[in-house]
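Reader: I would like to learn how to read a structure, starting with how open a residue is to its surroundings. Please take one feature at a time.

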Amino acid sequence: MKAIYLTGFMGAGKTTVGELLAEKLNLPVLDSDQQIVKKLNMTIKEIFDQHGESFFRDAETEMLKELPTEDVIITTGGGIVIKDENRALMKENGQIILLHADIDIIYDRVHSDTNRPLASKKTKDELHALYHSRVAFYQDCSFTVDTSNKEIEEIVNEIISRLK
C-alpha cells in the first residue's frame, strides 16, 4: 500500500488519529515534525526561533524525500502543504487525507500550546487568517474528514472505509 499522509491545520487531530489508524491498519506511523526534531536535535520552537520558518519549510521538504513511501502512515505539520513541491511529493507517493476541524475548536485546542510557535501567541482572528491563507492548499487532497465533533474511533473508521 502506498503511504497515507494525514494533513490539516494544527489541532485538527493528525497525531492522535495517525496513531490509532496505524494501530488498526497494523502499519508504522511517522510524524514528519518529530523526524525533523530528531534529525536536527532541536525542538520545533528552537528551529523557528534560531533559523526561521523558511528554514523549517525546507527541512520539511527534505524529510518528505527521506521518509518511506510504502506501508506507512505519515502525520505532517500543518504548514507542509504550503509548498507545491511537498504536495506533489505526497500525491506522487500516496494518498493525502485532510483532517478538518472548525476554527473555534482548533483555537481551543492550540492557543495555549507553547510547542506551536505559529499559534501560541495568536488571537482567534489571527489564527483564522493563518488558516484561510492555507485553505486552498489543504483542498489538494484525496479526501477530507471532519474531526470537529467526532470521537477518534469514529474518525479512524471513516478513514478506513474511505480508503477501501
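Author: Met1 counts as partly exposed, since its relative accessibility is 49%. The general idea is a scale of relative accessible area: buried means under 20%, exposed over 50%, and partly exposed in between (1.4 Å probe, protein chains only). This is a predicted model, in which local features need pLDDT of at least 70 and side-chain atom pairs count only at pLDDT 80 or more, while totals for chains, interfaces and linings use all residues. Residues are numbered from 1 along each chain as its sequence is written, and side-chain values use heavy atoms, with hydrogens and water left out.

Reader: Where does Met1 lie?

Author: Helices (H or I, at least four residues) and strands (E, at least two) are DSSP runs, numbered from the N terminus. Met1 is in the segment before strand E1 (3–7).

Reader: Which residues does Met1 touch, not counting those up to four places away in sequence?

Author: Contact means heavy atoms within 4.5 Å. With that exclusion, Met1 touches Leu27, Thr69, Glu70 and Asp71. As for Ile82, 81 residues from Met1 along the chain, the two C-alpha atoms are separated by 26 Å.

Reader: How many salt bridges are there?

Author: A salt bridge is a side-chain nitrogen of Lys or Arg within 4 Å of a carboxyl oxygen of Asp or Glu. By this rule the count is 14. One of them joins Glu66 to Lys39, with the closest N and O atoms 2.6 Å apart. That pair links distant parts of the chain: Glu66 belongs to helix H4 (residues 53–66) and Lys39 to helix H2 (residues 32–40), 27 residues apart.

Reader: What separates Lys65 and Glu62 in helix H4?

Author: About one helical turn, because they are three residues apart in that helix. Their side chains meet in a salt bridge at 3.7 Å, N to O. Lys65 is partly exposed at 45%, and Glu62 is partly exposed at 40%.

Reader: What about Arg162 and Glu158 in helix H8?

Author: Arg162 and Glu158 are four residues apart in helix H8 (residues 152–163), so about one helical turn separates them. Their side chains form a salt bridge, 3.4 Å from N to O. Arg162 is partly exposed at 38%, as is Glu158 at 22%.

Reader: Which residues are linked in a network of salt bridges?

Author: Such a network links Asp84, Arg87, Lys91 and Asp140.
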